[in-house]
Amino acid sequence: MDSRTFRVLGQPHKDRKAYVAELGRMGFTWADLEQEQYWIDQLVLMDRDVYEELNQASRLLWDIFDKGARFVIGRRDLYDMLSIPEVLWDGLDGLEPGPKGLLSRYARFDFSVSHEGDIKLLELNADTPTGYVEASVVTPWMCSRYGGHSPNTAMPDLLRHAWSEEMPEAAACIDYGKHLEDSGTVDMLIRHSGLDVRPVDCLDLWVDEGILKDGQNREIRSMFALYPKEWMGVDDGGEALAYSIENGHLRLFNPLHAIILQSKGLQAVIWGLHEMMAPLFTPEEHRIIERYMLPTYNQPVLESSYVSKSMFGREGGSVRMYGASGEIDIQDEDGFDTSTLFTNVYQARADLPQISLTRGEYRLLTGMFVINGQPCGLLGRAGGLITGNASHFVAIGVEQK
């Protein structure tokens with residue numbers, strides 16, 4: 001398949017077990033999961049000019065999303081439209097948002113980048129993106145094997161700067177020590193931070209008169225959490241945790257306002273402001289929105305070739321894709337459908353490009369990490385038209401000059 005944008009290099013090594021073991025020693029312990037090959041041992045190289053445009057688009061979109069999120073702060077009708085749990089509203093109104101560009105210090109854009117080099121933003125995970133180990137550790141290693149350039153080498157330094165600002169005492173995920181991917185992600189974040197941070201299991205945490213404590217009854221005053229904030233409106237103990245944050249007993253990282261960026265409804269807010277040519281955005285920013293974002297609405301006004309998904313859907317679990325006649329073309333059958341908990345957003349459809357790998361034909365999702373406000377790392381996911389739990393990791397590098 002001719003492609004201006006992508007070129008696939010290499011063949012899977014015959015001794016996969018040896019490479020999987022080496023990756024495990026590097027901290028990537030889920031290259032194979034339950035006999036399934038999650039990591040694909042090939043490298044996708046992106047055209048350098050396309051990458052430079054993608055990097056610049058990410059910088060500009062990050063500023064646009066920051067403006068859009070700050071427009072939402074204090075507007076409870078928009079909190080409701082974005083499906084932000086009511087238990088978080090007082091905290092969003094009362095806590096001081098972070099500096100410009102730092103409502104989230106750890107985020108990832110997901111793009112569809114076509115073979116012709118057209119770039120369209122699908123969504124922003126500004127709260128709990130995984131794929132950090134794959135991007136920061138494995139991708140540079142793959143690029144060194146095949147001779148590609150990796151811009152991802154900047155990720156650890158940016159991560160260290162971000163954590164040095166937030167200074168968390170603990171880093172949490174659900175089932176720490178049992179869930180390989182989340183535990184390994186937390187461990188690598190701690191390692192790259194250079195700080196003395198203790199890992200904890202979210203399931204061991206509890207709140208005592210507003211004070212968060214771990215399973216050994218130790219107080220936690222600041223914490224990085226690989227825990228989706230929207231679940232505070234659903235989980236047992238979520239209200240107590242929100243109270244702790246709201247009253248300043250716990251400083252959470254990513255900060256609370258990252259949930260506004262996380263909601264896919266923010267894209268509908270930004271698109272609506274763009275359609276009105278609102279002065280919130282400069283003429284240049286309106287041009288960027290038109291070029292790189294997709295028409296997105298909080299009502300099903302699109303009649304054909306669109307996607308519906310939950311405001312807080314993850315891993316494709318709530319995605320339904322509609323064809324040219326308005327009929328359902330495909331929907332995710334494996335992930336948890338969070339549209340039973342949160343309202344939907346409706347977005348014009350931009351299909352992922354198809355690439356040929358040794359294992360077969362896949363659709364490629366291109367992720368771009370934004371750490372401490374800086375675009376810095378490519379992440380490739382190879383799967384179907386909907387990128388779900390069954391998708392694979394494939395490293396993306398950039399063509400050498």
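Me: What gives the most to the lining of the second largest pocket?

Reply: α8 does, with three residues. The model is a predicted one, in which local features need pLDDT of at least 70 and side-chain atom pairs count only at pLDDT 80 or more, while totals for chains, interfaces and linings use all residues. Residues are numbered from 1 along each chain as its sequence is written, and side-chain values use heavy atoms, with hydrogens and water left out.

Me: What makes this space a pocket, and which residues are the closest to its centre?

Reply: A pocket is an open set of points on a 1 Å grid over the protein atoms alone where a 1.4 Å probe fits, with protein on both sides within 12 Å along at least five of seven lines, and a lining residue has an atom within 4 Å of a point. The second largest pocket holds about 320 Å³ of space; of the 17 residues that line it, C202, L205, D236, G237 and L241 are the closest to its centre. Besides α8 (238-246), both β9 (206-208) and β12 (222-225) supply at least two residues of this lining. With Ala, Val, Leu, Ile, Met, Phe, Trp, Tyr, Cys and Pro counted as nonpolar, Asp, Glu, Lys and Arg as charged and the others, Gly among them, as polar, the lining divides into 13 nonpolar, two polar and two charged residues.

Me: Why does L250 count as buried?

Reply: Buried means under 20% relative accessible area (1.4 Å probe, protein chains only), and L250, at 3%, therefore counts as buried. L250 is found in the loop between α8 and β13, where, residues up to four places away in sequence not counted, it touches (heavy atoms within 4.5 Å) L212, I220, R221, S222, M223, L241, S244 and I245.

Me: Why does H257 count as buried?

Reply: The relative accessibility of H257 is 3%, so this residue counts as buried. H257 is found in the loop between β13 (251-253) and α9 (258-262), and, neighbours within four places in sequence left aside, it is in contact with I73, G91, L92, L95, E96, P97 and L103.

Me: What makes β4 mostly covered?

Reply: In β4 (residues 39-46), eight of its eight residues are buried: W39, D41, L43 and L45 point one way, and I40, Q42, V44 and M46 point the other way. Two strands pair if DSSP finds at least two bridges between them; β1 (residues 6-9) pairs with β4 in the antiparallel sense over four bridges, and L9 stands opposite L43. The pairing of β4 with β22 (residues 392-398) is parallel, over five bridges, and L45 stands opposite G397.

Me: Why do β9 and β11 stand at the edges?

Reply: The open sheet of three strands has the order β9-β10-β11, with antiparallel pairing. Each of β9 and β11 (219-220) has a single partner strand, so one side of each is left without a neighbour in the sheet. Three bridges join β9 to β10 (residues 211-213), and W206 stands opposite K213 in β10.

Terms used
Buried < 20%, exposed > 50% of the residue type's maximum accessible area, 1.4 Å probe, protein only. Points joined across faces, edges and corners; volume = space filled by probe spheres on them.
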